[in-house]
Amino acid sequence: MPFPILSKESLIPGRTSRLVLHAPHIAGPAKPGNFVILRVSENGERIPLTIADTDAGAGTITIVYLVMGKTTAVLENLKQGDEILDLCGPLGKPTHIEKVGTVLCIGGGTGIAAMHHIAKGHHRAGNHVIAIIGSRSKDLLLYHAELSAFCPEVAVCTDDGSFGRKGIVTDLLKDILETNKDVREVIAVGPVPMMEAVVNTARPFRTPTTVSLNSIMVDGIGMCGACRVTVDGVTKFTCVDGPEFDGFFVDFKELRQRLVTFKDQEKTSHDAYCECLGDRPGKKPKKELPKRVDMPCQPPTERIKNFREVALGYSPGMALKEARRCIQCKKPLCVKGCPVEVPIKDFIKALADGKLAEAYAIIKSTNSLPAVCGRVCPQESQCEGECALNAKGQPIAIGRLERFVADTYLASSACRELLGSSECVLPDPDLKVACIGSGPASLTTAGHLAAKGISVTIFEALHEPGGVLVYGIPEFRLPKKDIVGSEIAVLKQLGVEFVTNYVGGKTFQVQELLDQGYKAVFIGVGAGLPTFLKVPGENLTGVFSANEYLTRVNLGRAYSFPTWDTPTFPGRQVTVFGGGNVAMDAARTALRLGAEKVNIVYRRTMAELPARHEEVEHAIEEGVVFSMLSAPLRFMGNENGRLAAVELQRMELGEPDASGRRRPTPVPGDTYTMQTDLAIIAVGTGSNPVLLDATPGLKLNSRGYIEADENGETSLPNVFAGGDIVSGAATVILAMGAGRAAAKEIARRLGK
């Protein structure tokens, strides 16, 4: 669901702009301090941006950005009326606001806009708000007028003295704290060095100081662990535990080092983008028309020996990509070129929106033989010959799309696959079920219910449905387009609706779904919270959770960087900790990304590896080295805070533990060091608290997972759960089994 830009205002030309986006599902629940994850284009990277303001009535949010990398450079080249592809939120914990008296809000750079939202919240709570804002010069100052509207005091400083006081924000902060003893809290939002300086200035006065941390993120919902920061000696996740923390306890040095992890790759991507635009001031980017999607065919050497059809037809992904090339002309000349006047523009739009049945019905309204016409009509001299894109030599492949719609619709066997019957039941709009998460458990639940005529809506937090099938399992094991995409396409044919960028517990609550008329809710959000080793040096640059590493590569297509914007960390000597399938996936991925050597470190022997035997064999065949009976003691970095080596403890197997496997125990005095510049931690996951903490009455077990009965029902009536969020990290097939059990019980209760 794209998000239109309702207005765009340049605050600092070519550098900083303000966008107002139509996003009612975010504007309603959003509060000061929340942020969103944004993705501009299909190949784009997911980036976090703090919400600068909201208007729930109008359904809008305001964001302010500084042009730094490629994504913000692309944003800068958009205009009013353009659309943002993905917008996920509201995320993070909102600012804690209560009436306390005098609150001092400090902002620097684009952080002033985010601080403005927080300051407004304190003002509405009845607090006396003093604002301090700073910039290098007057022309770079943001939000002075907006803050002055409700702040009785707005103190300004500029480095050059061109406006307000000459100096930096900490000069003003110190003066105010020395003269105003009523300040109850200091809140700082801006560049990390500025926030650290604010903390150091406020510390002698013992005035509570809150900082809002911007951090590296991939998903923004607690899944990858990329945004971890040390607070009072404990690792916290900015997206789940923050973004605001007590500044007196933040490890700013570590934070600064981690923020430059992808600096080189981001510069490469940004420079390549600017070079593509010509990098000339004031030059508008040239919109490149995506190339026409070629039709796959049998190789000539094969097809001359058989009578099978030469053209093999589009896959669902190819058809969608080609359909989205259509510019939806106001006066579609292609229709005039069609002898039977098929509403071409309309059927392509329906196809681009994933509405296959609607596309087929539109074609059939005037054409009785679309599968035939898609093959034999001379489209080049008829509909395609009149296409507006002919001027560029790339008309829409109308005949190929017509063929795809006809073939795919007529060959659909989703109901037979799910129920053993070829008769599909039309969805009953009065029987609605919601699934939260789009992994294998939810997909199974949705498929079973939809085939029985129950309307199903799947809410997915990320921008692409599929859950772990998309972000977790590599392409070389599970092709996303041909396999996952096809399965999701089948569900769409059954009428299942997919709503992406909707975060359970943030964008909406479980009770809200029930209040909206959903007869049941299935929770299939997976486990998702990465587990770390809790050894010294774990937050060095170069130490990743497997969740982050694989999500960057799989969901973000980082293996195609810089064609796709999401970067990955270039490790030459890679060490993976863990022995399950995820560890194998991470190790084999690292090899494909150019690693010279990949070690898997596991504290037991090869015989105890929990990974599938086939995956271990493949890893060995590909050159992965297994360092068994070893456990990490500490990670060691260089002077720049980057990983250089890991110290390992030799282990031996003792008596069996609770799992029945022999327990690994340290060999006294036997340690060794392994050189490594990239470490990937794949030792399991825990339950993600985002939805669980926001759902009162949902009973959890001692491990923090949802308790559910044999039918998947939770402690909340008509709220079901299944998959990893109930069982803990397990297999895809087990998650599917749980989804099916829940679906059968839901269907029984609904009389289906």
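How many salt bridges does a search of the whole structure find? The search turns up 23, where a salt bridge is a side-chain nitrogen of Lys or Arg within 4 Å of a carboxyl oxygen of Asp or Glu. Before we walk through some of them, some ground rules. This is a predicted model, so local features need pLDDT of at least 70 and side-chain atom pairs count only at pLDDT 80 or more, while totals for chains, interfaces and linings use all residues. Residues are numbered from 1 along each chain as its sequence is written, and side-chain values use heavy atoms, with hydrogens and water left out.

Let's start with Lys120 and Asp53, whose side chains meet in a salt bridge at 2.9 Å, N to O. This pair ties together distant parts of the chain: Lys120 sits in helix α3 (residues 111-124) and Asp53 in strand β4 (residues 47-55), 67 residues apart. Helices (H or I, at least four residues) and strands (E, at least two) are DSSP runs, numbered from the N terminus. Lys120 counts as buried at 15% relative accessibility, and Asp53 is buried too, at 16%. Buried here means under 20% relative accessible area, exposed means over 50%, and partly exposed is in between (1.4 Å probe, protein chains only).

Glu548 and Arg552 are both in α22 (residues 546-554), 4 residues apart or about one turn, and their closest N and O atoms are 3.0 Å apart. Glu548 is buried at 2% and Arg552 at 1%. In helix α27, Arg748 and Glu745 are 3 residues apart, again about one helical turn, and they form a salt bridge at 2.7 Å, N to O. Here Arg748 is exposed at 56%, whereas Glu745 is buried at 9%. Elsewhere, salt bridges with shared partners join Arg588, Arg592, Arg612, Glu615 and Glu622 into one network.

Glu615 also brings us to helix α24 (residues 613-622), where the buried residues are Glu615, Val616 and Ala619. Looking down the axis of α24, these fall within an arc of 100 degrees, so they line one face of the helix; the arc is taken over directions from the helix axis to the C-beta atoms. They pack against α23 (581-592) and β25 (625-628), with contact meaning heavy atoms within 4.5 Å. On the other side of α24, His613 and Glu621 are exposed. Just after the helix, Gly623 takes a positive phi of about 105 degrees.
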